[in-house]
Amino acid sequence: MAKAFLLAFTIAYCMGCSQSANRQDLPGAVLDKINTEAKEWVAVFCQFKSTAFNLTDTFRMRRSPDTATKAELDSFYAIYKPLIRFSPDGHFFADIYSYQLNLEKDGDQFVATPEIDQQVELFDTKKNITYGLVSGGTENWIDEALWLDDSNLILAGITKDSLANRHPVILVVNTNTGLIQEFSCSDEKCIQTGRYSSPGLSRLKITGL
């Protein structure tokens, strides 16, 4: 009886060690970047700084058939350049707003005709290629985009649970490999407790939101 119990305990312990060894946590450099450059976003969650983020999914960027002429790109920049996020070397930019907000310029203001759905895209400025990254809606969306370095993009967003509590989710996009890693919050008590307003959006005069 004692030997059977000891054997069962040993198997369970080893399985736990294996699961822990296989678990992949969010890189510390990514979390440091978020805590310093997206601190307003971090501040709307309780227990954010004491929780861990574990890898829960991996998928690939999707190449879009769309291309943009120089005139179309210049027109896009005229409206969205303050909101898009360029990589440090200028090779790529991330766009989390244009599909959803549908902005038009009216004098020194912008008028939004918002959609419920969100499409987050990455644009290669050298090859003139657009990549689809993630889609959002009423249950999950991306709030912020920031670059860790020339080839690693960080997307910070929200996912809702069955009780409609909002939990943070972080995605890391590697432009070299085309892989997107999704890291979910390991603490169910880490939820959004206040309304988040993006500083980037707040700097523009936008009506219709």
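This is a predicted model: local features need pLDDT of at least 70, side-chain atom pairs count only at pLDDT 80 or more; totals for chains, interfaces and linings use all residues.
Residues are numbered from 1 along each chain as its sequence is written, and side-chain values use heavy atoms, with hydrogens and water left out.

Strand 9 pairs with strand 10 (residues 152-160) in the antiparallel sense over eight bridges, pairing being assigned if DSSP finds at least two bridges between two strands. The two strands form a hairpin with two residues between them, and Asp 149 stands opposite Asn 152 in strand 10.

From the hairpin we turn to the open spaces. On a 1 Å grid over the protein atoms alone, a cavity is a set of points where a 1.4 Å probe fits but cannot get out, whereas a pocket is an open set with protein on both sides within 12 Å along at least five of seven lines, and lining residues have an atom within 4 Å of a point. Grid points are joined across faces, edges and corners, and a volume is the space filled by probe spheres set on the points.

The largest pocket holds about 760 Å³ of space, and of the 24 residues that line this pocket, Trp 141, Asp 143, Arg 195, Tyr 196 and Leu 201 are the closest to its centre. Strand 9 provides the largest share of this lining, three residues, while helix 5 (98-101) and helix 6 (199-202) each supply at least two.

The second largest pocket, with about 360 Å³ of space, is lined by 16 residues, and nearest its centre lie Phe 76, Asp 95, Glu 121, Phe 123 and Thr 130. Helix 4 gives the most to this lining, with four residues, and strand 4 (92-95), helix 5 and strand 7 (118-124) each supply at least two.

Finally, the structure holds one cavity of 30 Å³ or more, and its lining consists of Leu 83, Arg 85, Ala 94, Ile 96, Tyr 97, Glu 144 and Ala 145.
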